[in-house]
Amino acid sequence: MKITPISIFIVTVVVLGLVFFLFPINLFDGKIVYQEGIKEYTIDAPLSLSYFIGLGYAEDEMVNVKSFYLTTKGIVMACIFLLGFPALLAFRIHLRNTNPSK
């Protein structure tokens, strides 16, 4: 059976997406905005993609948290992990299929 690059890409995106969105892996650069009364401050912190769908954090950790978001570097890292790595893997499969070793 010949493995197609597009199937490798799709399977890898789904597997990595499930890992990053279901498990609290604090890997991506982000900012957390805290608000205590009228005082508001922002801290840099590694964030997990699971936080954005409501998984991986306890309610007591969210006291005084107004919002949280990924920085530009965090967004780029997420794109590289979720799309770049699967694309490289699919390209590698494509090269192996077009140039079989003798």
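I take two strands as paired if DSSP finds at least two bridges between them. Helices (H or I, at least four residues) and strands (E, at least two) are DSSP runs, numbered from the N terminus.

I note that the model is predicted, that local features need pLDDT of at least 70 and side-chain atom pairs pLDDT 80 or more, and that totals for chains, interfaces and linings use all residues. Residues are numbered from 1 along each chain as its sequence is written, and side-chain values use heavy atoms, with hydrogens and water left out.

**Strands**

I looked up the hairpin of S1 and S2: two residues lie between the strands, and Gly37 takes a positive phi near 70°. S1 and S2 run antiparallel and are joined by nine bridges. For Asp29 I found the bridge partner Pro46 in S2. I then turned to S1 and S3, which pair in the antiparallel sense over five bridges. Here Gly30 stands opposite Leu70 of S3.

**Helix H1**

I checked the span of H1, residues 5–22. Its 18 residues reach 25 Å from the first C-alpha to the last, close to the 26 Å expected at 1.5 Å a residue; the expected span is 1.5 Å times one less than the number of residues. I recorded Thr12, Leu16, Gly17 and Phe20 as buried in H1. They cover an arc of only 130° around the axis, which puts them on the same side of H1; the arc is that of the directions from the helix axis to the C-beta atoms. Buried means under 20% relative accessible area, exposed over 50%, and partly exposed in between (1.4 Å probe, protein chains only). The buried residues of H1 pack against strand S1 (28–36) and helix H2 (72–98).

**Ser50**

I located Ser50 in the loop between strand S2 (39–47) and strand S3 (65–70). Ser50 counts as buried because its relative accessibility is 0%. Leaving out residues up to four places away in sequence, I list among its contacts (heavy atoms within 4.5 Å) Phe20, Phe21, Pro24 and Leu55.

**Aromatic rings**

I searched the whole structure and found six aromatic pairs. Rings of Phe, Tyr and Trp (its six-membered ring) pair if their centres lie within 6.5 Å; planes under 30 degrees apart count as stacked, over 60 as edge-to-face and the rest as tilted. Phe52 lies in the loop between S2 and S3 and Phe68 in strand S3, so the pair ties together parts 16 residues apart in sequence. Phe52 is partly exposed, at 38% relative accessible area. I also noted one aromatic cluster formed by Phe20, Phe28 and Phe81.
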